[in-house]
Amino acid sequence: MKILIAGAGVIGLSCAWRLAKQGVQVVVVDPRSAAHGATLAALGALWPASPLANGPLQTFHRASLWQFESFAKELAAETQLPISFKRLGRMEILNSIKANARAKEEALAAQRDWPAFAAPAPTMEVLDFPQASQINRGIAPFNYGVLHCHATAQVNVVELVAALEKACRGREVQFHFGASLTSITSPFQTTAGPMSADALLLATGAWSSQLLAPSGKLPADGGGPGADGRAIMPAKGQGLALAAPSSHSLKTILKSGKIYLVPWETEILVGSTTEPEAGFDESPTSEGREKLLAGAIALFPELKASKLLRHWAGLRPDSADDLPIMGPLPAIPNVFICAGHYKTGLGLAPRVSDLMARTILKKNIPPELVAFLPRNSILV
């Protein structure tokens, strides 16, 4: 069996690896290099949704996050490449008495329902400023406490991508970088020429809608605008890397509102903006830089003197209902989609790749994917 995968982000690479491990011949096309998009723009923070949020995406995402460390270890063992993974924890600053009360409910639920990553410490707890500042010296004062989630982790995205690409090549996955898919009906057409395959998997991120229909909507009948209505749209996000102050003691991920800091070796990563209005413009902007710097300094004042090392942007693939779209496309034989993961693609990679490989190979849909299927989806 031969599978063509369009897109070499973390989802496409993970699916390619899973399929190749099953003995499938896999070909990957991407107009750029491996993960040169939303994946390498990510800061690598892996935090679970609130334990009080139990929709299909939150539940699915947490299940995948609980597998991430073993996924990284398996990949590292196969490739003999390092993949740095740290369970840094996350402190999220609370902005009201009401938020503090809800955080205490979340902590109780996490203690009851989640794996005990931090044992004997609690999986999640609410701290006041003196307690939090003992862990993260130098953080700005706050009034209503922080929610400290010990389950939150961080992975080195560059190392993860390098290992995924090496694992794929070691299992004879063929890569055609600089080539784009131009047709989603068999025989599949690319800018590198026609490519025969038994099935096509679209892991094309924010660009998926450009392949599916001029309207950006999933087709219901194999072409043209469809009834699904869930357009996949780019949502630009910008990030920064700052030199860590020599005396800093930031030990956990620190979040307030939409701004968060990730301490990593000699750097502190700052994320992130959300700019759906930017369309397909991947350029970092001075406005984005200033917004992130101001937010970082407000959280951790020592960063005021830090050197800006890098500033970048990437396009997250969002869907109109904020749910990923995964499964066989309606009425298009042997074409599958796995896109629209927005801010969760990195964390979803372990579970998504396993289930998508199963869906393609076994011709049945795992129950976990049902909530994310393209509308009117059938296997043909």
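Reply: Let's start with one definition: a polar contact is a pair of N or O atoms within 3.5 Å, and within protein one of the two must be able to donate a hydrogen and the other to accept it. Please also keep in mind that this is a predicted model.

Me: Good, let me apply that to helix α6. Which residue caps the N-terminal end of α6?

Reply: That is N156. One of its side-chain oxygens sits 3.2 Å from the backbone nitrogen of V158, which falls within the 3.5 Å cut-off. At the other end, α6 is followed by E172, a residue with a positive phi near 70 degrees.

Me: How many residues does α6 have, and what is its reach from first C-alpha to last?

Reply: α6 runs over residues 157-170, which gives 14 residues. Its end-to-end reach is 20 Å, close to the 20 Å expected at 1.5 Å a residue. You can read α4 likewise: its 17 residues (97-113) should span 24 Å, and the end C-alpha atoms are 25 Å apart, which agrees.

Me: How should I read burial along a helix? Which residues of α6 are buried?

Reply: The general idea is that an α-helix has 3.6 residues a turn, so residues three or four places apart point the same way. In α6 the buried residues are V157, L160, V161, A163, L164, E165, A167 and C168. Their cover includes helices α1 (10-21), α2 (38-41), α3 (56-79) and α9 (345-362), together with strands β8 (153-155) and β9 (174-177). In α4, the buried set is N100, A103, E106, A107, A109 and A110, and β6 and β7 (146-149) are among the elements that cover it.

Me: Several helices cover α6, then. What is the angle at which α3 crosses α6?

Reply: Two packed helices are described by the angle between their axes and the distance between the axes. For α3 and α6, the axes come within 9 Å and cross at roughly 55 degrees. That makes α3 oblique to α6, and the crossing is left-handed. On the α3 side you will find F68, F71, L75, E78 and T79, which meet L160, A163, L164, K166 and A167 of α6.

Me: And α1: what are the angle and the axis distance where α1 packs on α6?

Reply: Here the angle is about 35 degrees and the axes are 9 Å apart. V10, L13, S14, A16 and W17 of α1 make the contact with L160, V161, L164, A167 and C168 of α6. α1 also passes α6 in a left-handed crossing.

Me: Is the crossing of α1 and α9 left-handed or right-handed?

Reply: That one is right-handed. The two axes lie 8 Å apart at an angle of about 45 degrees, which makes α1 oblique to α9. From α1, the residues V10, I11, S14, C15, R18 and L19 take part, and their partners in α9 include G345, L346, A349, P350, V352 and S353.

Me: While we are in α9, is T359 buried or exposed?

Reply: T359, a residue of α9, counts as buried because its relative accessibility is 0%, and the cut-off for buried is under 20%. Beyond its sequence neighbours within four places, T359 contacts P328, F336, N364, I365, P366 and L369.

Me: What does the side chain of S209 contact?

Reply: A polar atom of the S209 side chain lies 3.0 Å from the backbone oxygen of I232. S209 belongs to helix α7 (208-212) and is buried, at 8% relative accessibility.

Terms used
Residues numbered from 1 in each chain as written. Predicted model: local features only at pLDDT ≥ 70, side-chain atom pairs only at ≥ 80, totals over all residues. Heavy atoms only, no water. Helix = DSSP H or I, 4+ residues; strand = E, 2+ residues; numbered from the N terminus. Expected span 1.5 Å × (residues − 1). Buried < 20%, exposed > 50% of the residue type's maximum accessible area, 1.4 Å probe, protein only. Contact = heavy atoms within 4.5 Å. Axes fitted to C-alpha atoms, helices over the stretch in contact; angles between N-to-C directions. Parallel < 35°, antiparallel > 145°, perpendicular 65-115°, else oblique. Left-handed = near helix turned anticlockwise from the far one by under 90°.
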